[in-house]
Amino acid sequence: METLKIAWFNWKCIKNPEAGGAEVFTHEVARRLTKMGHEISLITSQSKDLPPKEVINGYKVLRSGNRFTVYIKARKIYNRYFKGKVDVVIDEINTIPFFTVTYVKEPIVVLIHQLAREFWLYELKPPISWIGYFIEPYYLRLYRSKPTITVSKSTKGDLETLGFKRTFIVPEGLSLKPIDKIPEKEEKPTIIFLGRLRRVKRPDHALKAFIHVKKEIPKSKLWIVGDGPLKKALKKLVKKYGLENDVIFYGKVSEKEKIKLLRRAHVLVFPGIREGWGLVVTEANSQGTPAVAYDVPGLRDSIKHMNTGILVPKDDIKALAKSLILILQHEDLRKKLTKNALEWAKNFNWDKTAMEFSRILKQIIQ
């Protein structure tokens, strides 16, 4: 079977304001699969100012429902347009599955970047957060017999613990081209945080670690790049500690500006609770910037400890600060990590990712 007709379920698309690393993966792979001749239809939620139907880089997008009702609407769309007409259905699980196992007769492939686990407790209020946290392992087990694609050894291990039998790893790609040499950095020691300002990304830990860094390295700076619900609280914390001149909030920036900031910073700090992979880490590496992060699923895959960056115990803000200080104060270590990070980033590109994804789909169906 050379080409496939694919119905792909994901509650967000690349144009959704909440789009993150999972949606980048979906978009970059889907548009390349389309170029290979595959026919892709993405079933997703409706978001503000976006049409119900659209073609993005060759693949079709059908939008209906909101963050919660999309799961019901998706079933109706499948029954109307795709039932008995596709070769494979991809159920991309971002927190909640589409429960395609209860109504789809075609082969189903699961795509899951990471388990939600702590996300429930950080992003939702009780009792919903408690219910989600405890029932997640049970609803995921409905998919144990289905072939599953993930992006890291960490998630593969989590899934196998739940009884998943056929799990394939397709490495993340990379949109940014790795540069050839270490770029010119800021004159003053500069730390960058890049990501949504949400509890699961823990930008507050980055800021609290910087407070410790500032005591040891008075001229240091922190750049916070991204937007989100924690921005107001973070600014209040900055004001409380009198760091208005040392912490810069850039908000959401263009791709060009993001690249510039990643190149100029000395180190990325990324204290998330868990990731599928940690795409921002690889992006920073590609621009000559090593990373310091918590030793959690996903980030322990994207960072090679003491080789391309440093991993520290989860929730240990002082250890986070200590490692940032170590990199900023020791030029030889920083250059070693930076050089290795650049080489590491060269292993990743979306063309390789899409080719492997296509190969596995065909293997599964055959």
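These legends describe close-up views of one predicted model.

In this predicted model, local features need pLDDT of at least 70 and side-chain atom pairs count only at pLDDT 80 or more, while totals for chains, interfaces and linings use all residues. Residues are numbered from 1 along each chain as its sequence is written, and side-chain values use heavy atoms, with hydrogens and water left out.

**View 1. Helix α6 packs against helix α11.**
Two packed helices are described by the angle between their axes and the distance between the axes. Here α6 spans residues 203–216 and α11 spans residues 317–329. Helices are DSSP runs of H or I with at least four residues, strands are runs of E with at least two, and both are numbered from the N terminus. The angle is about 50°, and the axes are 8 Å apart. That makes α6 oblique to α11. (Angles under 35 degrees count as roughly parallel, over 145 as roughly antiparallel, 65 to 115 as roughly perpendicular and the rest as oblique.) Axes are lines fitted to C-alpha atoms, for helices over the stretch in contact, and angles run from 0 to 180 degrees between N-to-C directions. The crossing of α6 and α11 is right-handed. (Right-handed means that the near helix is turned clockwise from the far one by less than a right angle; left-handed means anticlockwise.)

**View 2. Side by side, residues of α6 and α11 meet.**
From α6 come His205, Lys208, Ala209, His212, Val213 and Glu216. From α11 come Ile317, Lys318, Leu320, Ala321, Leu324, Ile325, Leu328 and Gln329. Contact means heavy atoms within 4.5 Å. By class, this contact has 8 nonpolar, 3 polar and 3 charged residues. (Ala, Val, Leu, Ile, Met, Phe, Trp, Tyr, Cys and Pro count as nonpolar; Asp, Glu, Lys and Arg count as charged; the others, Gly among them, count as polar.)

**View 3. Helix α6 also packs with helix α7.**
Helix α7 covers residues 231–240. Its angle to α6 is about 10°, with the axes 10 Å apart. The two helices are therefore roughly parallel to each other. In α6, Pro203, Asp204, Leu207 and Lys208 take part; they meet Leu234, Leu237 and Val238 in α7. The contact of α6 with α7 has 5 nonpolar, no polar and 2 charged residues.

**View 4. Tyr71 and Phe98 form a tilted ring pair.**
The model has 12 aromatic pairs. (Rings of Phe, Tyr and Trp, the last by its six-membered ring, pair if their centres lie within 6.5 Å; planes under 30 degrees apart count as stacked, over 60 as edge-to-face and the rest as tilted.) The ring centres of Tyr71 and Phe98 are 4.7 Å apart, with the planes at 45°. This pair links distant parts of the chain, 27 residues apart. Tyr71 lies in helix α2 (residues 70–82), and Phe98 in the loop between β5 (88–92) and β6 (108–111). Tyr71 is buried at 12% relative accessible area. Phe98 is buried too, at 2%. (Buried means under 20% relative accessible area, exposed over 50%, and partly exposed in between, with a 1.4 Å probe and protein chains only.)

Phe99 sits in the loop between β5 and β6, while Tyr139 sits in helix α4 (residues 128–140). The two are 40 residues apart, so this pair also links distant parts of the chain. Phe99 is partly exposed at 29% relative accessibility. Thr26 is a buried residue of helix α1.
Helix α1 runs over residues 21–35. Thr26 has a relative accessible area of 3%. Leaving aside neighbours within four places in sequence, Thr26 is in contact with Trp8, Asn10, Leu42 and Glu92. Trp8 also belongs to an aromatic cluster with Phe25, Trp350 and Phe357.

**View 5. Thr167 lies in strand β8.**
The strand holds residues 167–169. Thr167 counts as buried, at 10% relative accessibility. Thr167 and Ile149 are 18 residues apart in sequence, and 5.8 Å apart in space, C-alpha to C-alpha. Beyond neighbours within four places in sequence, Thr167 is in contact with Thr148, Thr150, Lys156, Leu159 and Glu160.

**View 6. Met306 and Asp315 have positive phi values.**
Most residues other than glycine have a negative phi. Phi of Met306 is near 60°. Met306 is in the loop between α10 (299–302) and β14 (309–312), and is partly exposed at 30% relative accessibility. Phi of Asp315 is about 70°. Asp315 is in the loop between β14 and α11, and is partly exposed at 41% relative accessible area.
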